[in-house]
Amino acid sequence: MSEDLHALQRRLAEFAAARDWQQYHTPKNLAAALSVEAAELVEIFQWLTPEESATVMSDPRSAARVEDEVADVLAYLLQFCEALGIDALSALAAKIERNETRFPAVRRARPGRADRADRAAERDDREEGEGRGREG
C-alpha cells in the first residue's frame, strides 16, 4: 500500500475540515453513509451471474465503478474509525484471532476416504436414532 491508514485518515480529516463537514461526521451519520456506499457496491453485482461477477474487473468501465465504490466504503469506514478512536488494523487482527479460535481449520482426509467415512457416520447416527425411536 502506498499510504498507511493513519495518513489516509489524516487526509480525509483535512478534506472534511477544509469544507467544514466535521459537524456532520458523527458516528451515526458515518455508519449510515458506510451502509449506503456498501449498498452501491452491491448494486454493481446485483444481477450478475457468479461467472460474470468474477470477471467484472476485466471491463474498464465496470472496474472503475467497483474501485470508486470500494474507495467510498473504505473512506467512510476510516472516518468512522477515526470518530470512535478505533484502530482498524488492530480491530481486524483481533477479530481474525477470535475467528481462528471459534472456527478451527478442518483437516480433511483424501476425498474418497472422507466421503465414505462421512456417509458411514451419518448411517450410524441414523440407525442409532431409529433404534431409540422404537424403544420409546
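Guide: Welcome! Buried means under 20% relative accessible area, exposed means over 50%, and partly exposed lies in between (1.4 Å probe, protein chains only). This is a predicted model, in which local features need pLDDT of at least 70 and side-chain atom pairs count only at pLDDT 80 or more, while totals for chains, interfaces and linings use all residues. Residues are numbered from 1 along each chain as its sequence is written, and side-chain values use heavy atoms, with hydrogens and water left out.

Visitor: Does Ala88 count as buried, exposed or partly exposed?
Guide: Ala88 lies in helix α5, where helices (H or I, at least four residues) and strands (E, at least two) are DSSP runs numbered from the N terminus. Because its relative accessibility is 22%, Ala88 counts as partly exposed.

Visitor: Which residues is Ala88 in contact with, leaving aside neighbours within four places in sequence?
Guide: Contact here means heavy atoms within 4.5 Å. Ala88 and Leu5 are 83 residues apart in sequence, with C-alpha atoms 8.3 Å apart in space. Beyond four places in sequence, the contacts of Ala88 are Leu5 and Cys81.

Visitor: Let's step back to the whole chain. What pattern does it follow along the sequence?
Guide: The protein chain has zero strands and six helices. Read from one end of the sequence to the other, the pattern is therefore written with helices, as α-α-α-α-α-α.

Visitor: What share of the contacts with a separation of 6 or more joins residues 24 or more positions apart?
Guide: The protein chain has 136 residues, of which 15% count as buried. Among contacts with a separation of 6 or more, the share from residues 24 or more positions apart is 61%.

Visitor: How far apart are the end C-alpha atoms of α4?
Guide: The expected span of a helix is 1.5 Å times one less than its number of residues. Helix α4 has 25 residues, so it should span 36 Å. The model agrees, since the end C-alpha atoms of α4 are separated by 36 Å.

Visitor: Which helices do the buried residues of α4 pack against?
Guide: The buried residues of α4 include Ser62, Ala63, Val66 and Glu69. Further along, Val73, Ala75, Leu78, Gln79 and Cys81 are also among them. Their packing partners are α1, α2 and α5.

Visitor: How are α1 and α4 oriented to each other?
Guide: Axes are lines fitted to C-alpha atoms, for helices over the stretch in contact, and angles run from 0 to 180 degrees between N-to-C directions. The axes of α1 and α4 come within 10 Å and cross at roughly 90°. Angles under 35 degrees count as roughly parallel, over 145 as roughly antiparallel, 65 to 115 as roughly perpendicular and the rest as oblique. The two helices α1 and α4 are therefore roughly perpendicular.

Visitor: How do the residues of the contact of α1 with α4 divide into nonpolar, polar and charged?
Guide: From α1 come Leu5, Leu8, Gln9 and Leu12, which meet Ala75, Leu78, Gln79, Cys81 and Glu82 in α4. Ala, Val, Leu, Ile, Met, Phe, Trp, Tyr, Cys and Pro count as nonpolar, Asp, Glu, Lys and Arg as charged, and the others, Gly among them, as polar. The division is six nonpolar, two polar and one charged.

Visitor: Which side chain makes a polar contact with the side chain of Gln79?
Guide: Gln79 is in helix α4 and counts as buried because its relative accessible area is 13%. Not counting residues up to four places away in sequence, Gln79 touches Leu12, His25 and Leu30. A polar contact is a pair of N or O atoms within 3.5 Å; within protein, one must be able to donate a hydrogen and the other to accept it, and residues adjacent in sequence count only if both atoms are side-chain atoms. At 3.1 Å, the partner of Gln79 is His25.

Visitor: Which residue caps the N-terminal end of α5?
Guide: Look at the backbone nitrogen of Leu89. A side-chain oxygen lies 3.1 Å from that nitrogen, and the residue that supplies it is Asp87.
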